[in-house]
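The following note sets out, point by point, what a reader may wish to check in this structure. It is intended to be read beside the sequence and the coordinates.

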Amino acid sequence: MERIRTCVVGATGFAGVEVCRIVLGHPALELTMATDRKAAGTRLADVYPAFEGACDLVLSLPEPEAIAQNADVAFLAVPHTASLAITPQLLSLGVTVIDLSADYRLHDAAVYEQWYGTPHTSPELLGQTVYGLPELNRSGLLVLGERHEKGEAVLVAVPGCYPTATALAAIPALEAGLATGDLVISDAISGVSGAGRSANARTHYCHANESVEAYGVAHHRHTPEIEQTLTQVAGREMNVVFTPHLAPLTRGLLATVYMTAADGITANDVQDAYERRYADEALVSTLPAGHMPQTSSVAATARAQVGVALDDRRRRVIIASCAIDNLGKGAAAQAMQCANLVLGLPETQGIGVTAPLI
């Protein structure tokens, strides 16, 4: 079978280089182009020596016409607004886009403009985009796959890492009606790679090492994305209090979510609901009762692990905790999971499903 020509835009960022690594090991895809504005003209292996002998690509500028000549699908691992500048052109040139940025995740352009402080220059594409959380929107991704098979270029908006972990923690309780009210609280901790490759005062080793810090409190940009997803799940408007934390980890993310429990439910009801919801999911596991997830169990994989409990001592609260790799299920591996569905390939093809044992 002829392999699918693939371009990674923003290939030297942490998420982008992880996509490159996955594509190079994918039996159905071929990495035919990788771009980076700052490193154009440099070999990818010169930026990341681990690719020496495995990839001889020279990084290019992200020019849509050149991408269209060399690739059928493009993964965009770029900051917000960078996707706005290139995605409409890529689609018009027949390139399917798997976008890891925030530019097409929110359904309402006005909400995007409010939280990201910049105009949304292609709001007409928002209605054509599928939010790429397969465990929630698999049917939508498969519809994109039908359109792609007919020769249409399509667009997937891959969720952020915090929204992914928060949603996977909350979905079963909200879908089963075990959680009431309109408030969800998410406390989440991420490794430093989630902040991107460019270091700043917060992510510099001397500041981040041996320290945990809350940041973006009450105004983090992932808040409306989480609210949008949980509103879809619950069928009613949901409000989210989201507090992210930075921990001295290279990679890994843990989101612990709190929801008001409905009257009369038991801990067994909660456990059963989560086990049923994820029983057929290849990449999400519910841990046995009494067990909570840890980031080391999912590091360097596409997997998510969820643990749940019911606290009924004073206020009855469902506590659900989800661990993912922020660069795996939180970015590159989830992007590939979505791409597989759109391209008509096995959903987990080419992505790691187990963690290193040590």
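**Notes on the architecture**

1. **Domains.** The domain assignment of the protein gives domain 1 as 4-159 + 330-342 and domain 2 as 161-327. The model under review is predicted. Taken over C-alpha atoms, the centres of domain 1 and domain 2 lie 25 Å apart. The contact between them draws 27 residues from domain 1 and 31 residues from domain 2.

2. A74 has V97 of β4 as its bridge partner.

3. **Strands β1 and β2.** Strand β1 (residues 4-9) runs parallel to β2, and 6 bridges join the two. The chain passes from β1 through helix α1 (residues 14-24) to β2, a β-α-β crossover that is right-handed.

4. **Residue E30.** Leaving aside neighbours within four places in sequence, E30 is in contact with R3, I4, R5, T6 and V23. The C-alpha atoms of E30 and F14 are separated by 20 Å, the two residues being 16 apart along the chain.

5. **Helix α4.** Which residues of helix α4 (residues 82-92) are buried? They are S83, L84, I86, T87, L90 and L91. These buried residues of α4 pack against α3 (64-70), β3, β4, α5 (109-116) and β6 (155-157). After α4 comes G94, whose phi is positive, near 90 degrees.

6. **The mixed sheet.** A further open sheet has 7 strands in the order β8-β9-β7-β10-β13-β12-β11, with mixed pairing. Here β8 (213-214) and β11 (284-286) are the edge strands, each pairing on one side only. Helix α10 (residues 267-278) packs on this sheet and touches β10, β11, β12 (304-311) and β13. The direction of α10 makes about 160 degrees with that of β12.

7. Strand β10 (residues 253-261) and strand β13 (residues 317-324) pair in the antiparallel sense over 8 bridges, and L253 stands opposite I324 in β13. The pairing of β12 with β13 is likewise antiparallel and extends over 8 bridges, with G307 opposite S321 in β13. A hairpin through 5 residues joins β12 to β13. By contrast, β11 and β12 run parallel and are joined by 3 bridges; V284 stands opposite A304 in β12.

8. **Burial of β12.** Of the 8 residues of β12, 6 are buried, so this strand is largely enclosed by the rest of the structure. Among the elements around β12 are β11, with which it runs parallel, β13, with which it pairs in the antiparallel sense, and helix α10, which touches it.

9. **Cysteines.** How many disulfides does the model contain? The count comes to 0 disulfides. For C55, the nearest cysteine sulfur is that of C20, 6.9 Å away; a disulfide would require the two sulfur atoms to lie within 2.5 Å, so C55 is in none. C55 is buried, with a relative accessible area of 4%. C161 is in no disulfide either, the nearest cysteine sulfur being that of C322 at 11 Å. C161 counts as buried because its relative accessibility is 12%, where the limit for burial is under 20%.

Methods: Residues numbered from 1 in each chain as written. Predicted model: local features only at pLDDT ≥ 70, side-chain atom pairs only at ≥ 80, totals over all residues. Heavy atoms only, no water. Pairing = 2+ DSSP bridges. Helix = DSSP H or I, 4+ residues; strand = E, 2+ residues; numbered from the N terminus. Contact = heavy atoms within 4.5 Å. Axes fitted to C-alpha atoms, helices over the stretch in contact; angles between N-to-C directions. Buried < 20%, exposed > 50% of the residue type's maximum accessible area, 1.4 Å probe, protein only. Right-handed = clockwise from strand over helix to strand, strands pointing away. Domains from an automatic or database assignment.
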